[in-house]
Amino acid sequence: MNTIKPPSSRSIFLIPTGPQWMAVLPMALPVRLSLLTSLLGVLMSGCTKMYHSRRSIQELDQTFAVNKAQTLFYTDHAGRTQHKQLAQTISAALYLQNDTLFVEPLKASLRPNDNNPATLDVSDSAFVFFVNPKPKKIPVDGKSPWFRYHFTSFDMDLVTIPFKYRLAQQGQPPELNTNANAALYVGLRFDQGYQRNVFYHYQQRSDIRSFSLGVGGLIGIGSATVGPFSTMDQVADEYEGACLSYGLATIFGYRAVSLGLAFGYDTLFDRNRARWIYQHKPWLGLTLGLNLN
């Protein structure tokens, strides 16, 4: 009886040719396919188990204050979807994956255990909640309720003031300037965010919107028109002089773009600053900015 000897370590690197290759191929191919299928099955199983874990969801890199009187959902140990009601505003990390928003409450912000299964308290801190569970049958056209959250932060914007309205000075009428300028705005910003699921043609997508309101100060460099009008005829030739602009502003932001109103003053740098009628005089302006942080 012929026995089949196990291949040595060197035989792994031998590539059969001719009739030997044709004989090995039918035996090796099913084994390799079987191993590959098993490996893919293990990977898919692991991915499925990790779907709701904290490692598989993308953090939005921000802790938010979640508005009260909203409903959060979770999956219990039996795999059933349950819900809790927010009786107060809480702090939570928000995550988004596959158009589902996840909420991980911070334990310190939860109320003490109230023994009420319908409300969220410190006993529920181990759960990762989610918002607007996916319906069993996706509608043709529909929208889920808005989920609301907010936060307050330090804000820094690069702004320009395309329009400056200078008030009347020394008998001269008001003046509207459109000189080039740039300024740095620094202040406090309040952001209000909204998230909902939108259904269209049996498809689902996440709709996220945010608006902000801020108050702060600005300082920058610009140009000002210096000539007979703005110096009471003390300077014969008109030119563009460099000036320092500073003041206060309130801004309204959408995503990374901001629009606002400013109240400030200009200081001319050159030797005609004593003759310039707008030196340290107030102006009103419209700001347009880009959020840097």
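Buried residues make up 37% of the 293 residues in this protein, where buried means under 20% relative accessible area, exposed means over 50%, and partly exposed lies in between, with a 1.4 Å probe and protein chains only. Before I go on, a word on the source: this is a predicted model, so local features need pLDDT of at least 70 and side-chain atom pairs count only at pLDDT 80 or more, while totals for chains, interfaces and linings use all residues. Residues are numbered from 1 along each chain as its sequence is written, and side-chain values use heavy atoms, with hydrogens and water left out.

Now the overall layout. The protein has 2 helices and 14 strands; these are DSSP runs numbered from the N terminus, helices being H or I with at least four residues and strands E with at least two. Of the contacts with a separation of 6 or more, 65% come from residues 24 or more positions apart, a contact being heavy atoms within 4.5 Å.

Let's look at the aromatic rings next. The whole structure holds 14 aromatic pairs. Rings of Phe, Tyr and Trp (its six-membered ring) pair if their centres lie within 6.5 Å; planes under 30 degrees apart count as stacked, over 60 as edge-to-face and the rest as tilted. Tyrosine 74 and phenylalanine 129 make an edge-to-face pair, 5.5 Å centre to centre with 75° between the planes. Because tyrosine 74 sits in strand β2 (residues 71–75) and phenylalanine 129 in strand β6, this pair ties together parts that are 55 residues apart in sequence. Both tyrosine 74 and phenylalanine 129 are buried.

Tryptophan 146 and tyrosine 194 form another edge-to-face pair, at 5.9 Å centre to centre and 75° between the planes. Tryptophan 146 is in the loop between β7 (141–143) and β8, and tyrosine 194 is in strand β10 (residues 181–200), so the pair ties together parts 48 residues apart in sequence.

On to the cavity search. Strand β8 (residues 147–166) gives the most to the lining, with 3 residues.

Alanine 224 belongs to strand β11 (residues 203–226), and it counts as buried because its relative accessibility is 0%. Leaving out residues up to four places away in sequence, alanine 224 touches Arg166, Asn179, Tyr239, Glu240, Gly241, Cys243 and Trp276.

Last stop: threonine 119, in the loop between β5 (100–105) and β6 (129–130). At 12% relative accessibility, threonine 119 counts as buried.
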